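Visitor: Please show me the model, and let us discuss its geometry.

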Amino acid sequence: MSVDMKKMDVHPPRPEMRPSRLSWITRIYIPMILKGMLISLREFMRKPVTIQYPEQKPKVSERFRGEHRLTKDAEGHMKCVACYMCATACPAHCINIEAQAAPPEWDGRDKIPSVFEIDMLKCIYCGYCVEACPKEAIEMTNKVPKVYQTRQEFIYGLNKLLNN
Amino acid sequence: MKQVNLKIDGKDVTVPADWTVIKACHQNDVDVPHYCYHPDLSIAGNCRICMVGVKGMPRPVVACAQPVAEGMEVSTTGKDVEEARKGVMEFLLINHPLDCPECDQSGECKLQDYSYDHGRDHGRFHEEKVRKSKATMGPHVKYWGSRCIVCTRCVRFTEEVSGGGELGVIYRGDRSEIALFPGKNLDNPLSMNNVDICPVGALVSSDFLFQSRVWHLHSNPSVCADCSVGCNSRVDLDAKNQIKRIVPRQNDAVNKSWMCDHGRLSFDYVHENRLQKPKVHGKDATWKEARRAALDLLSAPGSVALISAWNTNEAMQSIKNFLSSENPSTRIFGYGNTVEADLVFPGFTISGDKNPNCAGMKQVLGIGDANASLKALAAEKDSIGCLLLVNNIPNFQITAELKSILDRSQNVVLLDFATGDLLRYGNVAVALPTLTTFEKSGSFVNRTGLTQTFDAVMEPVTYGMPETEIVAALRGDRVAVGNQR
Amino acid sequence: MISMVLTLLRNPLVLAVIKMFVAIGVVMSAVPMLVWLERKLSARFQRRIGPNRVGPMGLLQSIADAIKLMWKEDFFPRNTDRLIFLAAPIMAFLPGIISFSLIPVGQAEGAEWLGPNGVMAVSYLEMGLLVMMAVSSLASYGLAFGGWASNSQYPLLGGIRSSAQLISYEIVMGMAVIALAMKSGTLNLSEIATQQQGWYLPHWNLFLQPLTFLLFLIAAFAETNRAPFDLPEAEQELVGGYHTEYTGMRYAWFMLGEYAGLWTMCSVIATLFLGGWTLPAAWMGWVGHFPWFVAALISFGIFIAKVVALVFFFMWVRWTLPRFRWDQLMKLGWTILIPLALANILITALLMEYGGLYVR
């Protein structure tokens, strides 16, 4: 089959190269510019929505996913059994757990975490750890994540999470 | 052996006449759930999960206890079979504590797998569950009674393979559990196999206890280097490149499904006391400096190479080739760990030859008895120009013979992965870091003459290199500095 | 004592020096305020608050920024042309101050020693408009040099854009000014300003020459490199354009230059189109009752108010309109504005000849 090179060169015009279908009033810019400037002036007149963060705290929803907390049972022992489910579910790999044998006097408990660290810098606050937990041992408070000066301070350890 | 023809799920198969139905199914890639059945143990038939339908039989039969027969038609699916398995699963879980979050077995637990495949989605048992004892069975094995389903794999293992018969079943009915016979302790060198064969989390390793969840480990196949049996092993590592445990891989020609405790537990030397960088006269050096220094020394007249039986065939061959071109007058001797008597169990033998590659040494270097070779060298009195010592034996202790050889060597070039006795002994001029068997590939010849290759299972933890690469680099240096001979 | 000072002030040399310092002082103090204003206004246009930590209402923010910039590492990128690299920021800044010195900022009637008719300008030139045009377009050299000397692709593109943009829009601006000069019949900036005073209603050129005003305004946006014509420093495409490689105080000079240019351009527009320091004579009769220096301050205040209103307008536009694409900019300049400017000259000429609208 012969190919007609002339025909091949003819492409339909690309969308942005087609003649504009805008009306003339749009195409002389000026009225539209005035319209846009009125819009920005209206916004200028309105009250700013900024929150002065460290002094003012934002109001968050009841279901806000903030910093984590490790829960305790009726006897005051942590509920966590170091099953690593949260660490496994975590998409950001921000949970680091090391397990140890539970004290013998804790009835019906074999394993507790010796290290339970959440790197708040890596955490994306998705709540998967809470969903994954089989013991309801981790939950999210509605505390807005805090700001610190060093990276080390962002790694929350067992004590901090239990008392959060 | 006579062969019989049968149908499994409509597929025609031919198997030896003395096989059971479950074996025929597994060999033909048809999965049949099982707890008490183990290919290397006797048949017990007490877990009842391996129900299959056989045409002509009024109800499902247990596949592990049913011999194959000519013309048999087996179905591993179907309403009857599923109902039967579902019922068995429900009974097995009646007294199970469901403490998966705390259980080390979870992730590789047959109860979890089969419950997911065949069980109910909820329990109907509202009464109080039976709580059973927790016990320490031996130095490496702990027992959680409540999780036990009394499949008696462990009991049969201690009777048939390790032969001590330490374990038995006590009590009856839903209170039955595994216990040690009075005055006995599960401390035989094969005790940790009980952990492997336990299909649930009842017997767990106290060395691996709470160390990691199994789904966070990644596994690589390897060959155990701790004796001349050469057990096929699987090395499990965590995300930080740390070996967490070693378990056997089934190989009927070598180790069946077993492995000794020593082989499972000796991996600490991979992470401790490693020679991180090359050393020249005790000081850290770059690889290039160290290799040039070694090259200078190795061309001394009257040199001797002393190669341990822990080296791979490839390492031995490449060193031999290199020396024959570099300094053909170099004589090669061998050495190794001392050889003791074999430990023989009814179903397994642990070799007394604690070197992985004595047979390989004979094939590659022509040294039949490594330690006799060392004695022959020790008996000489001449001064040695340069001693090339290729050690790679973990936790090596200098023997008197080796001491005398080191004493009359003017220089020692050491290839080793550890900062052990040899490096401390003093007159090591150049030390080049090598890698452990876990970090390099190669092959060993086991005592039956079987050559087994293995690959690196982990990233090297030091700047060491395999001997073959060191030799290749030395050859490159020889070309670079010119032939000085 | 006071008479002594006044005598000294009548010395032209002393006066010139004082005027110079006043002009530089006005621009240099205006620039940090403009930066602050820009940040505050942009914040409000986006319903934010803007700087509010340093000083009352964040007024000292610019000072804090300047201190920070001064303490930054003095850094030369590799393979720069040192001399041009150093000269570029100053070249970008100077034209702003120089052109501001041509602009009459007020009138102190009776103080003839200040200038003809008491007009307050650093240099009172008969051809001030022409000189202003010449000097203000020099700013583009700073940008082009900065882009060239950085020896880096983004600054180079920025510098080239700046030159091309300046050349294109300088023509439009010049032609717009021709029409204005034809109408006014003079190039003297203070005369142009006083012409627009009017009696009851202002005779501002904004109303008399709307097309000229529009052309001049658009060209002014392009001259000052402000949105929607801020292509030389387009952050999204050129990572800052001509000042990508600049840090610390040298970068600050570019910023100062930009805002000095804005201030001067607004002053020019106020003078040419909004009547400069004047208000209609009927409104301002009471000013004559005050001494000359009070009148001077009032007229200066009127001028500053007009300039600040224009600055607000410039910023309003910046935070409203998106940036033009490069080809759109060129197309607008060459195919629309230049023909329009030519037509504007023609219309002005026709109106002068036949319309009788602009009677001098």
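Visitor: At roughly what angle do the axes of helix H2 (residues 12–45) and helix H3 (residues 61–70) of chain C cross?

Guide: This is a predicted model in which local features need pLDDT of at least 70 and side-chain atom pairs count only at pLDDT 80 or more, while totals for chains, interfaces and linings use all residues. Residues are numbered from 1 along each chain as its sequence is written, chains are lettered from A and ligands numbered from 1 in the order in which they are written, and side-chain values use heavy atoms, without hydrogens and water. Helices are DSSP runs of H or I with at least four residues, and axes are lines fitted to C-alpha atoms over the stretch in contact, with angles from 0 to 180 degrees between N-to-C directions. The axes of H2(C) and H3(C) come within 8 Å and cross at roughly 110°.

Visitor: Which residues of H3(C) make the contact with H2(C)?

Guide: Contact means heavy atoms within 4.5 Å. H2(C) contributes Pro32(C), Val35(C), Trp36(C) and Arg39(C), and the partners from H3(C) are Gln61(C), Ser62(C) and Asp65(C).

Visitor: Where does Glu380(B) lie, and how many Å separate its C-alpha atom from that of Arg408(B)?

Guide: Glu380(B) lies in the loop between helix H11 (370–379) and strand S20 (384–390) of chain B, a strand being a DSSP run of E with at least two residues. Leaving aside neighbours within four places in sequence, Glu380(B) is in contact with Arg331(B), Phe333(B) and Arg408(B). Glu380(B) and Arg408(B) are 28 residues apart along the chain, and their C-alpha atoms are separated by 9.9 Å.
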